[in-house]
Amino acid sequence: MPAPVSMTGFAGASFATPLGQAAIEIRSVNSRFLDLTLKVADDLRAFEPQIRERIGGRLARGKVECRLSVQRAAGRNHAPEPGGLAALQRLGDAVRQALPQAAPLSVADVLAWPGVLEAPALDADALRAALLAALDEALDRLQESRAREGAAIADGLRSRCDGIETIVEQLRRRLPELRAAVERKLTERLNQALAAPLAAAAALTREEVAERIRQEVTLYGLRADVDEELSRLATHVAEVRRVVDAGGAVAAGSTS
């Protein structure tokens, strides 16, 4: 029997890169279709198409958000690149000639300037392989999380179905008793309220009045019969069981 799978879940994974430690976080909630949002660090944005393809191949439904961040390790930056420093100095000299009042660049400004610090050499293929392996790990954990929650949802739904079926069976066994009690009480009330007025107004015999009341009680009993509603409820419960037993994606909800 295939197990239901919740569309709500969270998982993560991490991997090392020449840039620093990278982390992947994936969270999902209910949605009829796959609604994917990616938030990828600039250093890894080139791999966004592969990330979308990998997630789309593993998940069919859910509103999914995937975050990919990089925490640069302290002390991993290389020494300033001489060519970059020289180019920045030439630019600074040109600016000061045109704008003598311009403030000089700070050390932080210089180090933040593109090309000043040597970037670590990146092996794009190795980085892509490490990223996709970590993404697969996160997706595996997400699927496991969704499967655990789906199993809990299924257990809750089956428990409710059991309770409803128990109540329906109890009511079916008591229907004759309940009908008789309602008819008896209704007959007593009608006798108290209508017997004398009907007999006085229409000159009816007591037997005729009793027959008239009996007809009214019978008509009321037919209108108040809940056997059809109980059968419909049992059909709905059977359909819930069929859907749960079929497995697949289900929306998470409270089972308390």
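**A mixed sheet and its nonpolar core**

In this predicted model, I55 touches L36, L38, C66, L135 and L139, leaving aside residues up to four places away in sequence. I55 is also listed, together with I24, I26, I51 and L135, among the residues with the most contacts inside the largest nonpolar core, which has 28 residues. At least two residues of this core come from each of strand 2 (9–17), strand 3, strand 4, helix 1, strand 5 and helix 4 (124–202). The greatest contribution is that of helix 4, with 8 residues. In soluble globular proteins, nonpolar side chains tend to be buried together.

The sheet itself is open and consists of 4 strands in the order 2-3-5-4, with mixed pairing. Strand 2 and strand 4 form its edges, each pairing on one side only. From one strand to the next, the twist averages 15°. Helix 1 packs on the sheet, where it touches strand 4 and strand 5, and its direction makes about 145° with that of strand 4.

Both senses of pairing involve strand 5. Strand 3 (residues 20–29) pairs with strand 5 (residues 62–72) in the antiparallel sense over 10 bridges; within this pairing, A23 has S69 as its bridge partner. Strand 4 (residues 34–40), by contrast, pairs with strand 5 in the parallel sense over 7 bridges. Here L34 has G62 as its bridge partner, and D35 stands opposite K63. Strand 4 and strand 5 also belong, with helix 1 (residues 48–58), to a β-α-β unit, which is left-handed.

How values were computed: Residues are numbered from 1 along each chain as its sequence is written. This is a predicted model: local features need pLDDT of at least 70, side-chain atom pairs count only at pLDDT 80 or more; totals for chains, interfaces and linings use all residues. Side-chain values use heavy atoms; hydrogens and water are left out. Two strands pair if DSSP finds at least two bridges between them. A crossover is right-handed if, with the strands pointing away from the viewer, the path from the first strand over the helix to the second runs clockwise. A nonpolar core is a set of buried Ala, Val, Leu, Ile, Met, Phe, Trp, Tyr and Cys residues joined through side-chain atoms within 4.5 Å. Buried means under 20% relative accessible area, exposed over 50%, partly exposed in between (1.4 Å probe, protein chains only). Contact means heavy atoms within 4.5 Å. Axes are lines fitted to C-alpha atoms, for helices over the stretch in contact, and angles run from 0 to 180 degrees between N-to-C directions.
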